[in-house]
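Good morning. I have one structure to go through today, so please have the sequence and the model open.

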Amino acid sequence: MFTRELTNSSPKVEIGHMSRILVVEDENLIREMLVMALEAEGFAIATAADGRTALTLLQSSEPTFGDFPFDLVILDLMLPQINGLDICRLLRHQGNQVPILILSAKGSETDRVLGLEVGADDYLTKPFSMRELVARCRALLRRQRIGVLPQVPILQFKDVTLYPQECRVTVRAQEVSLSPKEFRLLELFMTYPRRVWSREQLLDQVWGADFVGDSKTVDVHIRWLREKLEKDPSHPEYLVTVRGFGYRFG
């Protein structure tokens, strides 16, 4: 069951088996009407009254599991703290493809086009009928189940985040540049955290079984990765040497 109203200090959501919808609307009356209409249709609802709380909730799931916390977001544009367009842009930049239905009193063609271009899937102008809103929600959820490919999980451990589809890595919220081999090596480590890998296993997995060369190349790449990931490469927190066996991550 979802928590109905959430604040910046308590962004926990319990997820059930129903379609999960986040309603982001700062006007209390409209938000409560949306909740009543959607719950009556069998949806599990969470709410946020400002943009910062909404963004916290949308980013609160463990990305390692490759699952986002909501199946649909109903998003007002004129929100306190962070506006709806910025939330939409940020979610798409982060690879979150959750369907977004924008609600707005701005009904001009320019406003509708802008909302769709920044990543929204649908745009509904206020005032609207609840019947039409529910129909649009069902259409978006149906389209998601039929047409969306499974998401490749984002891998995260402490301050290191790896985005497989984008081939990029951030460390302490700063993007770092990795070579293809460094990226594949880190992706392997983060896919199997705390597993110990020998040099030979790493060569086979990352360089390929037909690699001809010195196994010390693994040590060199580990050193390079440490220089880019670790606060203190001489005392690694992430890429740990297991003496006599090899390396592990975490």
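I will start with one annotated site, then take a strand, a helix, the aromatic residues and the nonpolar cores. Keep in mind that this is a predicted model.

The annotated site is D76. UniProt, in an unreviewed entry, lists D76 as a modified residue, 4-aspartylphosphate. In the model, D76 belongs to strand β3, which covers residues 72-76. Is D76 buried or exposed? D76 has a relative accessible area of 4%, and since the cut-off for buried is under 20%, it counts as buried. Which residues does D76 contact, apart from its neighbours within four places in sequence? They are V24, E25, D26, G84, L103, S104 and K126.

Staying with β3, the strand also holds V73. V73 is buried, at 1% relative accessible area. With residues up to four places away in sequence left out, V73 touches L22, V24, L58, V98, P99, I100 and L101. V73 and V24 are 49 residues apart along the chain, and their C-alpha atoms are separated by 7.4 Å.

Next, helix α1, residues 28-40. Its 13 residues should span 18 Å at 1.5 Å a residue, and the end C-alpha atoms are 18 Å apart, so the two agree. The buried residues of α1 are I30, R31, L34, V35, A37 and L38. As background, an α-helix has 3.6 residues a turn, so residues three or four places apart point the same way. After α1 comes G42, with a positive phi near 95 degrees.

Now the aromatics. The whole structure has four aromatic pairs. One of them is F157 with F249, an edge-to-face pair with 5.3 Å centre to centre and 65 degrees between the planes. F157 is in strand β6, residues 155-157, and F249 is in strand β11, residues 246-249, so this pair ties together parts 92 residues apart in sequence. F249 is buried, at 0% relative accessible area, whereas F157 is partly exposed, at 22%.

Y238 lies in the loop between α8 (216-229) and β10 (239-242), and F249 in β11, so here the parts tied together are eleven residues apart in sequence. Y238 is buried as well, at 1%. F157, Y238 and F249 form one aromatic cluster.

There are also arginines over tyrosine rings. R168 lies over the face of Y163, 4.1 Å from the ring centre. R195 lies over the face of Y192, 5.7 Å from the ring centre.

Last, the cores. The largest nonpolar core has 26 residues, and the members touching the most others are V169, L185, L186, F189 and L202. At least two residues come from each of β7 (160-163), β8 (168-171), α6 (180-191), α7 (199-207), α8 and β11. Which element gives this core its largest share? That is α6, with six residues. Leaving aside neighbours within four places in sequence, L185 is in contact with L202, V206, W207, H221, I222 and L225.

Technical notes:
Residues numbered from 1 in each chain as written. Predicted model: local features only at pLDDT ≥ 70, side-chain atom pairs only at ≥ 80, totals over all residues. Heavy atoms only, no water. UniProt positions renumbered as here; feature names shortened; annotations may be inferred. Helix = DSSP H or I, 4+ residues; strand = E, 2+ residues; numbered from the N terminus. Buried < 20%, exposed > 50% of the residue type's maximum accessible area, 1.4 Å probe, protein only. Contact = heavy atoms within 4.5 Å. Phe/Tyr/Trp six-rings, centres within 6.5 Å; stacked < 30°, edge-to-face > 60°. Lys NZ or Arg CZ within 6 Å of the ring centre and 35° of its normal. Expected span 1.5 Å × (residues − 1). Core = buried A, V, L, I, M, F, W, Y, C linked by side-chain atoms within 4.5 Å.
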